[in-house]
Amino acid sequence: MYETILYEISEGVARITLNRPDKYNAFTQKMLLEITEALKAASKDSVVRCIVLTGSGKAFNAGQDLTEYGGDDIDFGGVIRTCYNPMVIQMHHTEKPILAAVNGVAAGAGMSLALACDIRLASDKAVFANAFVNIGLVPDSGGCYYLPRIVGIGKALELAMSGDKISAQEAYRIGMVNQVIPSAEFDAAVMAYASKLANLPTKAIGLIKRAMYKGLHMCLEETLEYEAFSQAIAGNTEDFKEGTTAFIEKRAPKFTGK
Ligand code: T3D
């Protein structure tokens with residue numbers, strides 16, 4: 001069904017693998033549209049309770065495929081509006097956790113893609129490079145939104161203006177990734193983390209994601225009201241009943257995502 005990505009579902013986890021390993025999984029317009037389609041499918045599928053984004057081969061993603069364009073007349077703004085932005089917006093509005101499994105280099109829009117995920121696990125072989133400036137471009141695909149919010153404006157400007165590569169350990173030190181995992185253990189650790197997320201109360205996780213991102217733009221009073229609104233929904237879920245019942249019965253809860 002897809003040509004540039006792999007899409008597999010197993011035990012509540014949808015795994016989207018960027019699959020152009022000979023090009024370091026660089027984005028083509030087709031790949032961007034396919035990722036967006038797969039995200040929409042995972043969003044709608046009630047079986048799916050966690051989404052993993054990763055790359056095949058050595059790289060996570062090297063950003064835009066620089067060999068895709070020929071000639072001088074490139075409509076960058078148009079490509080970004082029609083291919084990149086819908087993918088990032090879909091990620092933002094997907095009310096399920098999205099885990100970036102950064103298996104190797106993440107450069108340019110590939111780094112932005114990782115930043116637009118909710119949680120980032122990095123192999124110790126991963127390298128991050130904002131890279132846009134190295135070819136005279138500016139960060140896109142949400143890089144100017146997520147990067148300063150995740151690492152602070154000072155570090156974000158340094159990474160964007162220098163274009164320098166940083167190691168997975170340095171990315172962890174500045175709070176850009178949540179965990180660094182030895183490469184030999186990476187796949188198993190990603191699956192374990194994804195499986196844990198897929199077995200948590202999915203509706204509450206969706207509400208947490210929405211409220212946290214909204215909270216970035218709201219004052220305290222608005223945030224308090226939004227928390228009350230969200231809690232009224234969460235408090236009416238089957239998972240809330242199961243969570244409290246399991247607590248009282250002193251057993252592990254079995255959440256269904258309903
Ligand atoms: O409208 C629009 O479309 C604008 C949107 C822009 C979004 C962007 O993402 S702009 C930024 C584009 N990306 C880059 O500028 C990164 C370019 N790549 C690199 O800087 C380096 O390749 C890496 C830091 C990613 C990795 O370095 P290294 O030393 O580990 O590997 P390498 O040898 O440079 O690359 C390995 C192969 O992947 C190589 O192919 P080969 O020679 O073995 O056949 C290389 O050409 C290919 N590759 C890497 N990045 C890209 C790529 N091929 C096409 N496009 C790439 N972006």
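Tutor: Helices (H or I, at least four residues) and strands (E, at least two) are DSSP runs, numbered from the N terminus. The model is predicted, so local features need pLDDT of at least 70 and side-chain atom pairs count only at pLDDT 80 or more, while totals for chains, interfaces and linings use all residues. Residues are numbered from 1 along each chain as its sequence is written, and side-chain values use heavy atoms, with hydrogens and water left out.

When neighbours within four places in sequence are set aside, Tyr145 has contacts (heavy atoms within 4.5 Å) with His92, Tyr213, Leu216 and His217.

The C-alpha atom of Tyr145 is 9.3 Å from that of Leu115, although 30 residues separate the two along the chain. Leu115 is one of the buried residues of α3, which also include Met111 and Leu113. Helix α3 (residues 109-116) is mostly covered, with eight of its eight residues buried.

Met111 leads on to Phe128, which touches it along with Val102, Ala106, Ala122 and Met176, among others, residues up to four places away in sequence not being counted. Phe128 and Met176 touch the most other members of the largest nonpolar core, a set of 49 residues (buried Ala, Val, Leu, Ile, Met, Phe, Trp, Tyr and Cys joined through side-chain atoms within 4.5 Å). Another core, of 14 residues, lies apart from that one and includes Val52, Ile181, Phe186 and Ile205. In soluble globular proteins, nonpolar side chains tend to be buried together.

As for the whole, the protein chain contains ten helices and nine strands. Its radius of gyration is 19 Å, close to the 18 Å given by the globule rule for 258 residues, so the chain is as compact as a globular protein of that length (the radius is taken over C-alpha atoms; the rule is 2.2 Å times the number of residues to the power 0.38). Of the 258 residues, 47% count as buried. Among contacts with a separation of 6 or more, 70% join residues 24 or more positions apart.

Key:
Buried < 20%, exposed > 50% of the residue type's maximum accessible area, 1.4 Å probe, protein only.
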